[in-house]
Amino acid sequence: MEIIVVVALGAIIAGFVQGVSGFAFGMVSMSIWVWVLDPHVAAALVVFGALTGQIMAAFTVKRGFHFRMLWPYLVGGLLGVPIGVTLLPMMDVNWFKFFLGVFLVIWCPTMLFLKNLPRLSPNHRVLNGIVGILGGAMGGIGGFAGVLPSLWCTLCTYDKDVQRSIIQNFSLTMLSVTMITYIATNLVAPETLPLFAVVLPAMLVPTWLGMRVYTRINPVAFRRLILALLTLSGISMLISSIPKLL
């Protein structure tokens, strides 16, 4: 019963955050689920929940389809997903979360308090593709596909709706491929399936409410929200990983 309550709570909070931001389901839910679930079970639940949220967003939050900007991310991401799936069984998830958490808690607050963000070229296809590879690999590791692309889009100072479109479509594609790969490679354990039935109903209404909040938020507040969420996610990763590493 305790596990069911914790899984439902993580799905509720993560669903709302993903509805607002367009990503972050994995970071928020993992920070809660890691206390009661095996990392590999949690990874499968994260991918399932994040994919469900992105499918909802595809029908609810329509902000255009910018294929000219999107395709380098997609190509890179499709190359990166198999890398992440291959690394998942052999890597120490706690070390992964530790290094990612350190990066996020240093870099994101710096960007948050800078008056003038460094501007990067949004049309640099090679760099966009590399970010896509890293995002795809992180999606394969545990549903974190949107973390680095979202950070990169913020640096590129995309318009709010363009950024949402890129992250939403990138994450939907990467999570779909990741879930198919998980199933094909037997990474979804039988004991995980009943927990899918907990995550799905728990996240539906919070995700919808988050999407409603997104449509009313201004671009500056949206950028601050993304950076704040990334910072909090980094802190939660450190809190969950450091005790186990020690």
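Gln168 is buried, with a relative accessible area of 7%, where buried means under 20% relative accessible area, exposed over 50% and partly exposed in between, using a 1.4 Å probe and protein chains only. The structure is a predicted model, in which local features need a pLDDT of at least 70 and side-chain atom pairs count only at pLDDT 80 or more, while totals for chains, interfaces and linings use all residues. Residues are numbered from 1 along each chain as its sequence is written, and side-chain values use heavy atoms, with hydrogens and water left out.

The protein averages a pLDDT of 82, and 93% of the residues score at least 70; pLDDT is the predictor's confidence in each residue, from 0 to 100. Among the elements of the protein, helix 5 (residues 93-113) has the lowest mean pLDDT, 80, and helix 9 (residues 193-214) the highest, 92. Helices here are DSSP runs of H or I with at least four residues, numbered from the N terminus.

| Residue | Helix | Relative accessible area |
|---|---|---|
| Gln168 | helix 8 (residues 160-184) | 7% |
| Ala57 | helix 3 (residues 39-60) | 2% |
| Ser241 | helix 10 (residues 219-245) | 0% |

A polar atom of the side chain of Gln168 lies 3.4 Å from the backbone oxygen of Ala57. The C-alpha atom of Ala57 is also separated by 8.6 Å from that of Thr207, although the two residues are 150 residues apart along the chain. Ser241, leaving aside its neighbours within four places in sequence, is in contact with Asn94, Lys97 and Phe98, where contact means heavy atoms within 4.5 Å.

**Two helix pairs**

Two packed helices are described by the angle between their axes and the distance between the axes. The axes are lines fitted to C-alpha atoms, for helices over the stretch in contact, and the angles run from 0 to 180 degrees between N-to-C directions.

The axes of helix 7 (residues 147-155) and helix 8 come within 10 Å and cross at roughly 160 degrees, and the two helices are therefore roughly antiparallel to each other, a label for angles over 145 degrees, whereas those under 35 count as roughly parallel, 65 to 115 as roughly perpendicular and the rest as oblique. The contact is made by Pro149, Ser150, Cys153 and Thr154 of helix 7 and Gln163, Ile166, Ile167 and Phe170 of helix 8.

The axes of helix 1 (residues 2-21) and helix 9 come within 6 Å and cross at roughly 25 degrees, so these helices are roughly parallel to each other. Residues making the contact include Ala8 and Gly15 of helix 1 and Ala202 and Thr207 of helix 9.

Methods. Polar contact = N/O pair within 3.5 Å; in protein donor to acceptor, adjacent residues only side chain to side chain.
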